Amino acid sequence: MNHKNCISYHLSLILLLGALILPSTPVYAGGIQEIKGGAPPPVKKIVALTFDDGPSTQYTPQILDILKEENVKATFFVIGENVDRHPEIVAREHAEGHAIGNHTWSHPFLSLVESRKQLTLEIARTDSAIYRAAGVHVSLFRPPHGWCPPWMVETVEDLGFDIINWTEDPNDWKHPAANIIVKRVESCLGLSAIVLLHDGLELKKDPKQENTVQALRGIIRDFRKDGYEFVTVTQLVHAPEFAEECPALYKVIKNPRVIHH
Ligand SMILES: [Zn+2]
């Protein structure tokens, strides 16, 4: 997405989400032009930090420590096989108030997954692993590589999941320096966002995501400085009339695209 599109895209997202998610936010009954006298009320800025491909023993606990210190709730899209390796970390994610999402069992290139049965198995095995680890069934799904053609959307929705992609991708899985990750995430500051980060990398036992850990405080600091409120993806999705009345974010969630890996 280019910067210009990004701005208009997110501006509508901010206005709509501000009204939908946060009841205390003043609602523009007839649009901004109808407000008379004084400055218009401030618009809430909202950001959801998301971490994919974990959990990993090296990085996820460090990320959780930082989130705890900063009092930020995030969303973790976990891989089932990694959940079974480190269930205690997923239990901690849940216990500390973060949202958890299903990111398949083995992180396959879904373009190679040819049947509904195979996809359903990937999702169901992960659901069981999350339940064993944290005692909850989750309803968020992020397809590996963001790739989700219509038949997959239908299958995943039939299973009761919301499909979540992202608005900002700093490509942290390519291991750029921490300051580069921070700068890339900032590229759309002034807007609202779902940010894609990684605490793991597919099924790798050492995903080498230390730069993401190092970047996290800077990302949080800059969003805070710019007046953002941190929310989980669950908070976004469960806003009333979300799907019908928030087309921008709905599009983010439904939009099938291939971006990373
Ligand atoms: Zn992934």
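**Loops, core and helix packing in a predicted model**

Colleagues, I begin with Lys-208, which lies in the loop between strand S6 (193-198) and helix H8. Helices and strands are here DSSP runs numbered from the N terminus, with helices being H or I of at least four residues and strands being E of at least two. The model is predicted, and local features need pLDDT of at least 70, side-chain atom pairs count only at pLDDT 80 or more, and totals for chains, interfaces and linings use all residues. Residue numbers start from 1 along each chain as its sequence is written.

Lys-208 is not a glycine, yet its phi is positive, at about 55°. It has 14 C-beta neighbours inside 10 Å and therefore counts as partly exposed. On this scale, a residue is buried if 20 or more other C-beta atoms lie within 10 Å of its own, exposed if 12 or fewer, and partly exposed in between, with C-beta atoms placed from the backbone.

Asn-71 also has a positive phi of about 55° without being a glycine. Its place is the loop between H2 and strand S2 (75-78). Asn-71 counts as exposed, because 9 other C-beta atoms lie within 10 Å.

The peptide bond leading from Gly-54 to Pro-55 is cis, with omega near 0°.

I turn now to the protein as a whole. It contains 11 helices and seven strands. Its residues number 261, and 41% of them count as buried. Of the contacts with a separation of 6 or more, 79% join residues 24 or more positions apart; a contact requires C-beta atoms, placed from the backbone, within 7 Å.

Which residues have the most contacts inside the largest nonpolar core? They are Val-78, Val-90, Ile-100, Ile-130 and Val-195, in a core of 51 residues. Such a core is a set of buried Ala, Val, Leu, Ile, Met, Phe, Trp, Tyr and Cys residues joined through C-beta atoms within 7 Å. Beyond its neighbours within four places in sequence, Val-78 contacts Gly-54, Pro-55, Val-83, Val-90, Ile-100, His-103 and Ile-130.

Next, the helix pairs. Two packed helices are described by the angle between their axes and the distance between the axes. The axes are lines fitted to C-alpha atoms, for helices over the stretch in contact, and the angles run from 0 to 180 degrees between N-to-C directions.

Helix H4 (residues 87-95) and helix H5 (residues 116-134) have axes that come within 8 Å and cross at roughly 75°. H4 and H5 are therefore roughly perpendicular. For these descriptions, angles under 35 degrees count as roughly parallel, over 145 as roughly antiparallel, 65 to 115 as roughly perpendicular and the rest as oblique. From H4, Pro-87, Val-90, Ala-91 and His-94 meet Ile-130, Arg-132, Ala-133 and Ala-134 of H5. This contact of H4 with H5 has six nonpolar, one polar and one charged residues. The classes are nonpolar for Ala, Val, Leu, Ile, Met, Phe, Trp, Tyr, Cys and Pro, charged for Asp, Glu, Lys and Arg, and polar for the others, Gly among them.

Helix H8 (residues 210-225) crosses helix H7 (residues 178-186) at roughly 40°, the axes coming within 8 Å. H7 and H8 are therefore oblique to each other. Their crossing is right-handed; a crossing is right-handed if the near helix is turned clockwise from the far one by less than a right angle, and left-handed if anticlockwise. H7 contributes Ala-178, Ile-181, Val-182, Val-185 and Glu-186 to the contact, and H8 contributes Asn-211, Thr-212, Gln-214, Ala-215, Gly-218, Ile-219 and Asp-222. By class, the residues joining H7 and H8 are six nonpolar, four polar and two charged.

H8 also packs with H2, at an angle of about 20° and with the axes 10 Å apart. H2 and H8 are therefore roughly parallel, and H2 passes H8 in a right-handed crossing. Gln-62, Ile-63, Ile-66 and Glu-70 of H2 make the contact with Val-213, Leu-216, Arg-217 and Ile-220 of H8. Five nonpolar, one polar and two charged residues form the contact of H2 with H8.

Apart from residues up to four places away in sequence, Thr-234 touches Ala-99 and Leu-140. Thr-234 and Ala-99 are 135 residues apart along the chain, with 6.5 Å between their C-alpha atoms.

Definitions and conventions
Contact = placed C-beta atoms within 7 Å.
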